[in-house]
Structure formats: C-alpha cells, structure tokens
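This report describes the surroundings of a ligand and the annotated positions in one model. The sequence and structure are shown first.

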Amino acid sequence: GSGHLIAPSILSADLARLGEDVDKVLDAGADIIHFDVMDNHYVPNLTFGPALCRALKDYGVCAPLDVHLMVEPVDALVPQFAEAGASCISFHPETSRHPHRTLQMIHDCGCSAGLVFNPATTLDYLRHVMDQVDLVLIMSVNPGFGGQRFLPVALDKLRTARAMIDESGRHIRLEVDGGIKADNIRAAAMAGADTFVAGSAIFGAQDYRHVIDAMRAELLP
Ligand code: DX5
Ligand code: ZN
C-alpha cells in the first residue's frame, strides 16, 4: 500500500557524483535517502559524517535523510547530524551507555529517533522505551558493508517487532536493512516491515526506476 517507503542507501551510490545520483534515485521513485555512518570501530568500515549530510541538503536534496549511525560512542554525533539536516537518526542501543538519554537527545534536537537491532541483538531493549521511539530498524545483515546476503532470521525479528509496535498503539515505522531485493521484499513486508532500505540492489542497477517499480509491484496486495 501507500504506507510503504523505499529508502536507497547511498553507501552503494556513485560517491564522486553523489548529488546527481541522489537526484536520479529520487526521480526514479525513491521516498527517503538512507545514510550509513560507519566509524571503523563499531563496524569494520569507514564512510561519511555530518559534512556530507549538510552538503546534500545544500545541494538541494529535499527528501528526508534517514541517518543510520553505526558508531560508538554515539551521543556527540547526534546534534551534529541534526544541524546537518537529518530527519531521522537511528542508533544501535549497545553503542550508547544510556540509550534512553540518547533517544531523548535526538528528540530534543528536533529529529525522529530510531533503534537498530543486529541479527543477534535482542528486542528487549525496545520494551521500556517504546514511547521514545519513532522507528525500529531490523538489520537483515551484520552491519558494516553493502552487498551482503539477506539473513532470513530477520523475518522472525520483524514479526516480533511488528507485534510489539501494534500492541503499543503508537505510529512507529518498521524498517528492514540489508540484502533487500525485489525477490525478498515481499517476505519482509509480510513479516511486518513498511520501510525498505536497499543499497546494492538499486544503485547497482542500470535503471533505478525499473528496480524500484519491481519492488513496489511486489508490495501490492
Ligand atoms: C549495512 C548498511 C546497509 C547497507 C545496505 O551496514 O546498514 O544500509 O548499505 O546495502 P545492501 O542493500 O546492499 O545490503
Ligand atoms: Zn543502514
């Protein structure tokens, strides 16, 4: 339905022509832009920081920027990304000494807040902060790299998260990230996801619109 959002990850974009590539993927029907921040500490890879976020905004990108922090510690970067134009800031609860405080800080900075769960991270972190969360992100790969294979263990986690969200009665998005392609997006949606990150599947294709259309076709009832 119309509640589904496609979120291309710029990790797999043409970084030397990032502004143009982001324009191109938005023209092709993407809803939001997923921005993967890696620190070579929490994850074994290094990407980009608030300056690139700001540069995309200054270039004229209007679509919401969905910032996925894979950094430890996380707190110092929250105000920096908020000032740089992030719409939503998500972090892995184990990267903050006080996840409740970090969620509060994200809201105080005027952004939506998300919690991210690795394949082996328990959803227990969620239970006591449900009223502080606008997005739950379920990793369907181990964080650190694009182009990995979707781990089916994520489907169970999505179903559990979906039940917790529905029970809360709050409007919380359920995002899935890692190895999403046209041939597994439907399974993720059936398990409860409504927001779909895809890096290599979209930016690795010749025709972005073709891939995004194929994904949306799989999401039709
Ligand atoms: C992995 C990142 C993902 C990644 C997705 O740590 O969080 O967002 O870029 O890339 P694909 O879709 O190629 O798995
Ligand atoms: Zn991500």
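Gly-147 is placed in the loop that joins strand S6 (135-139) to helix H6 (153-168); helices (H or I, at least four residues) and strands (E, at least two) are DSSP runs, numbered from the N terminus. The model is predicted: local features need pLDDT of at least 70, side-chain atom pairs count only at pLDDT 80 or more, and totals for chains, interfaces and linings use all residues. Residues are numbered from 1 along each chain as its sequence is written, while chains are lettered from A and ligands numbered from 1 in the order in which they are written.

Gly-178 lies in the loop between strand S7 (173-177) and helix H7 (185-190). A residue is buried if 20 or more other C-beta atoms, placed from the backbone, lie within 10 Å of its own, exposed if 12 or fewer, and partly exposed in between.

| Residue | C-beta neighbours inside 10 Å | Class |
|---|---|---|
| Gly-147 | 13 neighbours | partly exposed |
| Gly-178 | 25 neighbours | buried |

Leaving aside neighbours within four places in sequence, Gly-178 is in contact (C-beta atoms, placed from the backbone, within 7 Å) with Met-139, Ser-140, Val-141, Gln-148 and Phe-150.

An unreviewed UniProt entry lists both Gly-147 and Gly-178 under "binding site", along with residues including Ser-9, Gly-199 and Ser-200; positions follow the numbering used here, feature names are shortened, and annotations may be inferred rather than shown by experiment. Of the 21 residues around ligand 1, Ser-9, Pro-143, Gly-146, Gly-199 and Ser-200 come nearest, where a residue counts as near if its C-beta atom, placed from the backbone, lies within 6 Å.

Note on methods
Two residues are in contact if their C-beta atoms, placed from the backbone, lie within 7 Å.
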